[in-house]
Amino acid sequence: GTARFDSAFAAITSRKSFKEGGSGLFDRSALYHAVGEYKFTPSFGDITVGGNFRMYRPNSDGTIFSDTLDRRITNQEYGAYTGIEKKLNDGKYKINLTARLDKNQNFDYLFSPAASLIYTPDKNHILRFSFGSAIRNPTLADQYLYYNVGRAILLGNTSGYDSLLTVPSVRNFFEYNRDKTYLRYFNLDPVAPEQVRTFEVGYRASLFKRLYLDVNYYYSIYKNFIGYTIGVDADVYSTIFGINELLINNVYRIASNATDLVNTQGASLGLNYFIGKFYSLNGNWSWNELNKRGSEDPIIPAFNTPRNKFNIGISGRDIETMLFNKIKITNYSFSVNYKWVQGFEFEGSPQFTGAIPAYDLLDAQISKSIPKIKCVFKLGCSNILENLHYEVYGGPLIGRMAYACVLVDLSKK
């Protein structure tokens, strides 16, 4: 509240980081993106081909990225894909095969195949089997970040780093009489793209003319999870008295990859039961699990997914009825839904890691359609009972939100 404080605050926030001794960020970045796709249908199946190109031109003047001393960063990537879909035995079988090839200028070519088979023995039952693969290129921050936060410098990693010390070994050096045999060096490879392979099976059915069922299970294998490693750049020397000293130049937090494979798996169940012409009961449950396979690799990132959660609800659509045999109800719709989420451990960064307690919510919505004016009026509320809860550790409490909207459908005659 003093003029001196206000002046210092304004000076720090208006100056650029690093070079000018402030906390401001400069961003005049650009992104160029082009994508195209073509589908054609020869007699033997439906074929899709496509591709994309993307060029990043970050410009932070050294406040975010390592674009200092007139260095300009340019990062290009491109990809191409093709797929074929074929129906067999009068549509009972549908086969889909796809392949994609991606290239970023800093990484090798990556191939991502996928395949699926859908079996429809009759109109009420569908079985599906699929295999998929995908990649995630390191972000610009993973590649080019250079940000000094005081206690450490946050770095991207396109070239790798050599002869860094682990943080625990530096602590042991000082704790155990400066014994340099406790120091542990390591090298860090350049960051690489994440890769995942997923197997999935599902079943969908309409039973007893009123029950709709959907069951699904997946199993995924992840490679090269992207995270970060902390290393110390330091020099060791001995004084004239024979005492070991450690001169710490910098502490780095560097983008890197997990060395171990990680599995995730999950299942889901969805049910819809239709009552009469207008109403339905619905529910779904999902289960998800991260399996680190005994790994203690600190880079394995946060799963941040509750093990179990479910929804139970009732809804009505385009209701037409008489209320108390006197009041005509037409063109009304509504939904009421109860959600429960199991507590889980939320892992962000080291300072934002903690437990999210279990929570439950009640949501409701009602709408009225007026065809004459082509409008639908909606009124709803999420978390009606205002059960204050956290969904992200370190984030705000989430409360009630009410909303109203008007939808105008100009396409209706």
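I started just past helix α3, where Asn-177 takes a positive phi of about 55°. For my own reference, helices (H or I, at least four residues) and strands (E, at least two) are DSSP runs, numbered from the N terminus. This is a predicted model, in which local features need pLDDT of at least 70 and side-chain atom pairs count only at pLDDT 80 or more, while totals for chains, interfaces and linings use all residues. Residues are numbered from 1 along each chain as its sequence is written, and side-chain values use heavy atoms, with hydrogens and water left out.

**Other positive phi values**

Most residues other than glycine have a negative phi, so I looked up two further exceptions. Asp-61 has a phi near 50° and sits in the loop between β2 (46-57) and β3 (75-88). Asn-89 isn't a glycine either, yet its phi is positive at about 55°; I found Asn-89 in the loop between β3 and β4 (93-104).

Which residues of α3 (residues 167-175) are buried? I get Ser-169, Val-170 and Phe-173. They cover an arc of only 105° around the axis, so they are on the same side of α3. The arc is that of the directions from the helix axis to the C-beta atoms. An α-helix has 3.6 residues a turn, so residues three or four places apart point the same way. On the face turned away from the buried side I noted the exposed residues Arg-171 and Glu-175. I then checked what covers the buried residues, with contact meaning heavy atoms within 4.5 Å; the cover includes β9 (161-165), β13 (226-238) and β14 (244-257).

**Cavity search**

I searched the whole structure and got 1 cavity of 30 Å³ or more. A cavity here is a set of points on a 1 Å grid over the protein atoms alone where a 1.4 Å probe fits but cannot get out, and lining residues have an atom within 4 Å of a point. The largest cavity has a volume of about 30 Å³, a volume being the space filled by probe spheres set on the points.

Its lining includes Asp-102, Lys-103, Phe-107 and Pro-193. The largest share of that lining, 3 residues, comes from β4. By class I have 4 nonpolar, 2 polar and 3 charged residues.

Notes:
Buried means under 20% relative accessible area, exposed over 50%, partly exposed in between (1.4 Å probe, protein chains only). On a 1 Å grid over the protein atoms alone, a cavity is a set of points where a 1.4 Å probe fits but cannot get out, and a pocket is an open set with protein on both sides within 12 Å along at least five of seven lines; lining residues have an atom within 4 Å of a point. Ala, Val, Leu, Ile, Met, Phe, Trp, Tyr, Cys and Pro count as nonpolar, Asp, Glu, Lys and Arg as charged, and the others, Gly among them, as polar.
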